[in-house]
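Subject: Structure handover

Hello,

Here is the structure for you to look at. My notes on it come below.

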2 protein chains.
Amino acid sequence: MNDVVAKLRELLGSDCITDPALADGYLSDWRGLLRGNAACVLRPRTTSLLSRSVRICQEAGVNVVPQGGNTGLVGGSTPDETGLQIVVSTGAMKKIRTVDPVDMSVVAEAGATIAELQSAAAEADALFPLSFASEGTATLGGALATNAGGISAVRYGSARDLLLGMEVVLPDGRIWNGLRTLRKDNTGYALKHLFAGSEGTLGIIAAAAMKLAPLPVGREVAFCAVETEDQVLDFWMKLRAAADGNVRAIEYLSGSCVELAKREGLRSPVEKADHYVLVELTSSRPEAGLKDMLEAFLADRLEDGTIVDAALAQSGEQQKQIWRLREDQTEVQKKAGRDFKHDVAVPVANVPELLRRSRADVEAGFPDVTVVPFGHVGDGNIHLNVVLPAALGAERAAEHGRQISQAIYDIVLSLGGTFSAEHGIGRAKVGLLESKRDPVELDLMRRIKSALDEDGSFNPGKIFR
Amino acid sequence: MNDVVAKLRELLGSDCITDPALADGYLSDWRGLLRGNAACVLRPRTTSLLSRSVRICQEAGVNVVPQGGNTGLVGGSTPDETGLQIVVSTGAMKKIRTVDPVDMSVVAEAGATIAELQSAAAEADALFPLSFASEGTATLGGALATNAGGISAVRYGSARDLLLGMEVVLPDGRIWNGLRTLRKDNTGYALKHLFAGSEGTLGIIAAAAMKLAPLPVGREVAFCAVETEDQVLDFWMKLRAAADGNVRAIEYLSGSCVELAKREGLRSPVEKADHYVLVELTSSRPEAGLKDMLEAFLADRLEDGTIVDAALAQSGEQQKQIWRLREDQTEVQKKAGRDFKHDVAVPVANVPELLRRSRADVEAGFPDVTVVPFGHVGDGNIHLNVVLPAALGAERAAEHGRQISQAIYDIVLSLGGTFSAEHGIGRAKVGLLESKRDPVELDLMRRIKSALDEDGSFNPGKIFR
């Protein structure tokens, strides 16, 4: 191993990190739940150096753990405990190669952050549509490797849907140059879609070409109080038809979520209810009349009883206040006790049933637990989180958490849903994938893994055991 | 082989076709350019029968040629001449299992036609967004296997973009049940995207779940005369920002295309020009004000000189007349002489250069040739067709055609484009794929093919030699 590290240091100089203090941040996950070790951490600055680094690892039979911004929530980029793996970060490959507002595309290296891409696009009077909580740290490569979703997926899709082309370093060090910026290209298998969402198990995304969208000039935000789960869905159905593609975000918050936020000093602009919906409309047409449209829509929904109260933000400041109720959930839930996260999705039509059954089942079995579901209702993607009392103790909480998770995943699967909507499998959900998915599907995935990573040297223990 | 056919007949009865008269339609391609042979043609009625049919073929080592509506343009579903292959049509699997306007999804078997899916969705007050010339015959399975594009891809995407889940019969007869209707599902590799566009070389799509969209209630169609290639692009850029997602179609027609159409008795509502653009806007909002918006937009473009003339259809009849100029191109080009088709795409920003260079190069080298490009300018996808004089004779025309094709593909590739935008590779473009694509990319595709179709028994000679 010393020999390999020496070769890598010769190639990369100080971008081959062996100093424990400097390597530290690359060895644990975002939430601090996992901690690994590594022979070294590599931060190559070009695709060519990345390729040569991987080749050195491959020739020595050393396993590689690809890493982007390291903001994932399932431990997909954390090395194991042996210290025999090498972390390869694309964080130093940050060049934004082209931003083309005519072609409506951006070509950037894997280490550019989502926020940097948003800024670069905005400077060219265009929108980089991907947007999620960790966008200041999360990178393009990581977002694609995990097919990140987020707030605006209901309008623009997940990372995969914005993907035009890719440059990938393969497990044997070869470079696949698929960096085309075409809207249509039916020339063989959709390799880019295979690497997207493969969580570093098939290759390292070195650069990508992504779609941009026209920059919105109008933006309206509203917050609504809703009495029942069915009305939440009904509201979305009506809005979907009325707003005709202008819905940038439609987020659900349970009454319990808003109560937790209030405890931390946030204020809700509507009366107390069991359910809430946050709506954001955007348009690139200055004269789109979004505000009139949303105002009329909300009046109609109050009239027909779909909602019981509504607040349409009258200023940018009010928009921010409404958004904080949603964006601060991770933080307020963490403060409320021991939080367990479940990133699930069901067919949109089954969201009410998911909310009802999970709350009923969990509260019946564990009376001291608070169910705090929120998320992307337009995509059927609910973060079905629960908070256990801090007083419960770590061990009992973990045991209760396991039982609750199992109950929730069973409900989700019985409703045609998935146990990972936008976070991926990583290390955390390997067991779930293995036990809950059709053996034929697992066999197909293993065949592909073997075909592209013959030695199994890329991110072992992730997705597959 | 007699033994295999006997077993298949025992399984499928008269759905195992051996009568030459009945088999005939399955043995040649849509355009009548290719003609093959087969031991029999199978039309199983269920996924289970399809699976058992494939298993019988696999056990006997017989090659299978999957077929949908057989409307492809690259010979992807035509068997070879040996008579040793078996055509497996999904045409008899026509059940539309569910249409869910709440979930905005449809689950249907592979043999349902695109038009049948459009009707089923419309009955549920929703839109099945895929739309192209052969939609009355083309099937869901075929559209997905070739990732069909078409007229409205600029708004709703190609077949792949509408795909939620899939049921697939694998080359060994196993069934992969991936028929989920989820908007987000990050649980391992994107198998559905691998089968989509794989042209029957990895499996047979038995059923699929697809996205629906809100049904448009407003529709406006306009036809514009434009002086230069750059203005065509400029027009699209301005419309893209102004219409904010309401553009259902933006089609380019060269002056030569419209002249050919006029010769066949069609009428253009605008003055003669070198270039034309057809626009269709749609909205699901009754009060979207599309007509006012388009009227104002066209007035502004006349004012700023982007276009020289415009006609906004004032009735459904006028809309139809405008669309005929575009939709009849295949027919009028066929009548004009010997037509050679090039389904190419370039980055949208390179469309003007593509149009200029291809016309200049082809007309310089072959003065008696008419270049008749048209197509989906918003996707950068131009059908860069040429018409050779009928008087040229078949042999010389074929030779000229080959030279012209080569010149066009060279221009396309030099502009970062692709030699197959929406038609696929099939049999017709195997040589192009092999010679023009990066060897690393080809190697990755071959590895996947071997991993999923170990015996190479599914659609041999298609995509790969």
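The notes cover the interface and then a cavity.

This is a predicted model, in which local features need pLDDT of at least 70, side-chain atom pairs count only at pLDDT 80 or more, and totals for chains, interfaces and linings use all residues. Residues are numbered from 1 along each chain as its sequence is written, chains are lettered from A in the order in which they are written, and side-chain values use heavy atoms, without hydrogens and water.

Interface. In chain A, 87 residues are in contact with 87 residues of chain B (heavy atoms within 4.5 Å). The two chains bury about 6,800 Å² between them, 55% of that from carbon and sulfur atoms (accessible area, 1.4 Å probe, lost on being put together, summed over both parts). A:Lys184, A:Asn186 and A:Tyr189 supply 15% of the area that chain A buries against chain B, more than any other three residues.

Between chain A and chain B there are 14 salt bridges (a side-chain nitrogen of Lys or Arg within 4 Å of a carboxyl oxygen of Asp or Glu). A:Lys184 forms a salt bridge with B:Glu422, with 2.8 Å between the closest N and O atoms.

Cavity. The whole structure has two cavities of 30 Å³ or more (sets of points on a 1 Å grid over the protein atoms alone where a 1.4 Å probe fits but cannot get out; lining residues have an atom within 4 Å of a point).

Regards

Note on methods
On a 1 Å grid over the protein atoms alone, a cavity is a set of points where a 1.4 Å probe fits but cannot get out, and a pocket is an open set with protein on both sides within 12 Å along at least five of seven lines; lining residues have an atom within 4 Å of a point. Grid points are joined across faces, edges and corners, and a volume is the space filled by probe spheres set on the points.
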